[in-house]
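Work through the exercises below with the structure open beside you. Try each task before reading its solution.

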Amino acid sequence: MLRNSEFRILLLIMFCITFAAAIVAALFLSLQAAVLIAITSVALITCSVLFTRWRYREIEKLSGYLRQISGGNYALDIRDNHEGELSILKSDIYKVTLMLSEQKEYLQNDKLLLTNAISDISHQLKTPLTSMMVMADLLSNPELPFEKRVEFTRNISNQLKRIDWLVSSLLKLSKLDAGTVTFKENVIPIESLIQKSVEAVSIPMDIKDQTLLIEGEESVTFIGDLNWTAEAIINILKNCVEHTQKGGLITISISKNVLFTEILITDNGKGILKEDIPNIFNRFYKGRNASEDSIGIGLALAQSIVRSQNGDIEVTSKQGKGTQFLIKFYPKAVK
């Protein structure tokens with residue numbers, strides 16, 4: 001405390017004032033008055049010194065707390081539930097400590113997610129790349145039969161398309177996670193949304209001779225982004241087409257009430273196992289009924305898009321009877 005030059009100057013000033021007041025009292029009043037003023041002033045100065053010393057000790061404790069916090073100890077609780085500036089400062093420091101602790105936990109989780117994502121991406125890319133490398137080596141053999149050459153070329157093309165789709169989907173997910181996607185808020189007719197989505201799966205549906213049935217009022221509208229929402233619907237429809245047998249039925253039902261706009265997509269395929277349902281929206285998750293070509297990212301992308309537009313998506317399924325995807329878009333005023 002005495003190392004503080006400002007405090008030393010304050011003490012000097014207080015003693016000078018005490019000395020001057022005692023001299024004036026001795027000259028104009030009496031010696032007893034001068035002694036009384038001197039004693040009173042010394043007592044006040046002593047109280048001030050003791051109080052300042054106490055505050056310095058409290059500040060020193062706070063400095064020690066801050067050093068521990070900067071060292072990564074976020075378990076400290078320095079609140080004392082008293083009134084005063086120091087108590088307010090302690091409370092503010094505790095709030096900052098909680099915030100730093102939450103940020104540290106968030107960063108650790110984010111780092112773990114990033115590590116897992118990189119591992120998953122590496123695994124997803126490694127399989128097709130290895131396959132293409134083997135086929136490319138075989139294609140370099142001049143004695144390879146023409147039929148095999150055509151087959152390997154077609155397989156390499158399919159693998160490249162798979163990698164292109166994977167990278168494109170991961171970029172979209174990254175943008176959604178980073179919050180850099182600006183969703184338009186246009187009035188979209190459901191008819192336009194369904195038409196744009198169905199076009200992307202019309203060929204695989206024709207190949208499997210599947211039937212598409214659209215029910216409900218196609219004049220229904222909702223506020224959102226046409227292209228991004230169509231991306232979500234397409235991924236759900238692809239899942240339905242993939243898990244529905246040849247000659248199966250896929251139904252899209254549309255409805256709207258005062259609370260939300262609803263799109264119900266139903267298939268009569270093989271369904272999803274009960275234990276797989278809680279995880280189907282997780283990235284790179286593949287249920288037991290998934291095909292070998294499935295990557296497990298389409299439904300995760302669909303969920304991110306829907307939720308980013310104030311919507312929600314649910315799934316129900318019965319083994320051997322089919323699956324239902326229920327999409328709800330809420331008005332912006334409803335939370």
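**Exercise 1. A pair of helices**

Task: Which residues of H1 meet which residues of H2, and how do the two helices cross?

Solution.
- Start with the contact. From H1 come Phe 7, Leu 11, Met 14, Phe 15, Thr 18, Ala 21, Ala 22, Ala 25 and Ala 26; they meet Ala 33, Ala 34, Ile 37, Ala 38, Ser 41, Ile 45, Ser 48, Val 49 and Thr 52 of H2.
- Sort these residues by class. The contact of H1 with H2 holds 14 nonpolar, 4 polar and no charged residues.
- Keep in mind that this is a predicted model.
- Now take the axes. Those of H1 (residues 5–28) and H2 come within 8 Å and cross at roughly 165°.
- Angles over 145 degrees count as roughly antiparallel, so H1 is roughly antiparallel to H2.
- Last, the hand. H1 passes H2 in a right-handed crossing.

**Exercise 2. Length and burial in H1 and H2**

Task: What span should each of these helices have at 1.5 Å a residue, and which of their residues are buried?

Solution.
- The expected span is 1.5 Å times one less than the number of residues.
- H1 has 24 residues, so it should span 34 Å. Its end C-alpha atoms are 35 Å apart, which agrees.
- H2 (residues 31–70) has 40 residues, so it should span 58 Å. Its end C-alpha atoms are 58 Å apart, which agrees.
- Next, burial. Buried means under 20% relative accessible area.
- In H1, the buried residues are Phe 7, Leu 11, Met 14, Thr 18, Ala 22 and Ala 25. The buried residues of H1 pack against H2.
- In H2, Ala 33, Ala 34, Ser 41, Ile 45, Thr 52, Glu 58, Leu 62, Gly 64 and Ile 69 are buried.

**Exercise 3. Two partners of H7**

Task: How do H4 and H8 each pack with H7, and what classes of residue make the contacts?

Solution.
- Two packed helices are described by the angle between their axes and the distance between the axes.
- Take H4 (residues 146–178) with H7 (residues 226–242). They pack at about 130°, with axes 13 Å apart. That makes H4 oblique to H7.
- The crossing of H4 and H7 is left-handed.
- H4 supplies Trp 165, Lys 172 and Leu 176 to the contact; H7 supplies Trp 228, Glu 231, Asn 235 and Lys 238.
- The residues of this contact divide into 3 nonpolar, 1 polar and 3 charged.
- Turn to H8. H7 and H8 pack at about 145°, with axes 8 Å apart.
- H7 passes H8 in a left-handed crossing.
- The residues on H7 are Trp 228, Thr 229, Glu 231, Ala 232, Asn 235, Ile 236 and Asn 239; those on H8 are Gly 298, Leu 299, Leu 301, Ala 302, Ile 305 and Val 306.
- By class, the contact of H7 with H8 has 8 nonpolar, 4 polar and 1 charged residues.

**Exercise 4. Asp 225 and Asp 209**

Task: Is Asp 225 buried or exposed, and is Asp 209 buried or exposed?

Solution.
- Locate Asp 225. It sits in the loop between strand S3 (221–224) and H7.
- Its relative accessibility is 5%, so Asp 225 counts as buried.
- List its neighbours, leaving out residues up to four places away in sequence. Asp 225 touches Thr 182, Phe 183, Lys 184, Ile 188 and Gln 309.
- Check one pair. Asp 225 and Gln 309 are 84 residues apart in sequence, and their C-alpha atoms are 8.1 Å apart.
- Locate Asp 209. It lies in the loop between helix H6 (202–207) and strand S2 (211–216).
- Asp 209 has a relative accessible area of 52%, so it is exposed.
- Its backbone deserves a look too. Phi of Asp 209 is near 55°, a positive value in a residue other than glycine.
- Asn 310 also has a positive phi, about 60°, although it is not a glycine. Asn 310 is found in the loop between helix H8 (298–308) and strand S6 (311–318).

**Exercise 5. The whole chain**

Task: How many helices and strands does the protein have, and what share of its residues counts as buried?

Solution.
- Count the elements. The protein has 8 helices and 7 strands.
- Then burial. Of the 335 residues, 35% count as buried.
- Finish with contacts between residues at least 6 apart in sequence. Among these, 67% join residues at least 24 apart.

Definitions and conventions
Residues numbered from 1 in each chain as written. Predicted model: local features only at pLDDT ≥ 70, side-chain atom pairs only at ≥ 80, totals over all residues. Heavy atoms only, no water. Helix = DSSP H or I, 4+ residues; strand = E, 2+ residues; numbered from the N terminus. Buried < 20%, exposed > 50% of the residue type's maximum accessible area, 1.4 Å probe, protein only. Axes fitted to C-alpha atoms, helices over the stretch in contact; angles between N-to-C directions. Parallel < 35°, antiparallel > 145°, perpendicular 65-115°, else oblique. Left-handed = near helix turned anticlockwise from the far one by under 90°. Contact = heavy atoms within 4.5 Å. Nonpolar A, V, L, I, M, F, W, Y, C, P; charged D, E, K, R; others polar.
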